[in-house]
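These are my notebook entries on one protein structure. I set down what I looked up and how each term was defined.

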Amino acid sequence: RVEMTLHPLDDFVVLKIQDNGVGFDVAQLWAAPASVSAGIGLRSIREQAAAIGGKLEIESGPRGTTLSVSAPYSPID
């Protein structure tokens, strides 16, 4: 099961994606050399978010994974 939400939070917009999968070791992901099988897509999301002043946060365990991507946001009046 996957659930996605998008909401404003202060000066950011946050995209949260949650699943109920088996999870993975986040520390091992970041420590391993970059490769397609080791999660180059997540590394790319992290780098792109940082480039615009945002961030990627990942929490993962045996009950699922949550990715939160935040980016600066200024509403248009």
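**Entry 1: Overall layout.** I began with the secondary structure and found 2 helices and 4 strands in the protein. Helices (H or I, at least four residues) and strands (E, at least two) are DSSP runs, numbered from the N terminus. Along the sequence I read the pattern β-β-α-α-β-β. I noted that this is a predicted model, in which local features need pLDDT of at least 70 and side-chain atom pairs count only at pLDDT 80 or more, while totals for chains, interfaces and linings use all residues. Residues are numbered from 1 along each chain as its sequence is written, and side-chain values use heavy atoms, with hydrogens and water left out.

I then looked up the extent of the protein: its C-alpha atoms fill a box of roughly 45 × 25 × 15 Å, taken along the principal axes. For burial I used relative accessible area (buried is under 20%, exposed is over 50%, partly exposed lies in between; 1.4 Å probe, protein chains only). Of the 77 residues in the protein, 23% are buried. For contacts I used heavy atoms within 4.5 Å. Among the contacts with a separation of 6 or more, 47% are between residues 24 or more positions apart.

**Entry 2: The nonpolar core.** Which residues make up the largest nonpolar core? I listed 6 residues: V26, L29, L42, L56, I58 and L67. A nonpolar core is a set of buried Ala, Val, Leu, Ile, Met, Phe, Trp, Tyr and Cys residues joined through side-chain atoms within 4.5 Å.

**Entry 3: I45 in helix α2.** I placed I45 in helix α2. This residue is partly exposed, with a relative accessible area of 35%. Leaving aside neighbours within four places in sequence, I found I45 in contact with L56 and V69. The C-alpha atoms of I45 and L56 are separated by 7.1 Å, and the two residues are 11 residues apart along the chain.

Entry 4: Is R43 buried or exposed? R43 counts as buried because its relative accessible area is 10%. Beyond its neighbours within four places in sequence, R43 is in contact with L29, W30, A32, P33 and A34. A polar atom of the R43 side chain lies 2.6 Å from the backbone oxygen of L29.

I next looked at the ring of W30 and found R46 over its face, at 3.8 Å from the ring centre. A charge sits over a ring if NZ of Lys or CZ of Arg is within 6 Å of the ring centre and within 35 degrees of the ring normal.

**Entry 5: T65 and T66 in strand β4.** I located T65 in strand β4 (residues 64-72), and T66 is found in strand β4 as well. T65 is buried, with a relative accessible area of 8%. T66 counts as buried because its relative accessibility is 18%.

What does the side chain of T65 join in a polar contact? I found the side chain of S60, at 2.7 Å. A polar contact is a pair of N or O atoms within 3.5 Å; within protein, one must be able to donate a hydrogen and the other to accept it, and residues adjacent in sequence count only if both atoms are side-chain atoms.

Setting aside neighbours within four places in sequence, I listed the contacts of T65 as I17, Q18, D19, G23, F24, I58, E59 and S60. With residues up to four places away not counted, T66 touches K16, I17, Q18, E57, I58 and E59.

**Entry 6: Salt bridges.** How many salt bridges does the structure hold? I recorded 2 salt bridges, each being a side-chain nitrogen of Lys or Arg within 4 Å of a carboxyl oxygen of Asp or Glu. R1 forms one with E3, and the closest N and O atoms are 3.1 Å apart. R1 is exposed at a relative accessible area of 66%, whereas E3 is partly exposed at 36%. The side chains of E57 and K55 meet in a salt bridge of 3.3 Å, N to O. E57 is partly exposed, with a relative accessible area of 43%, and K55 counts as partly exposed at 45%.
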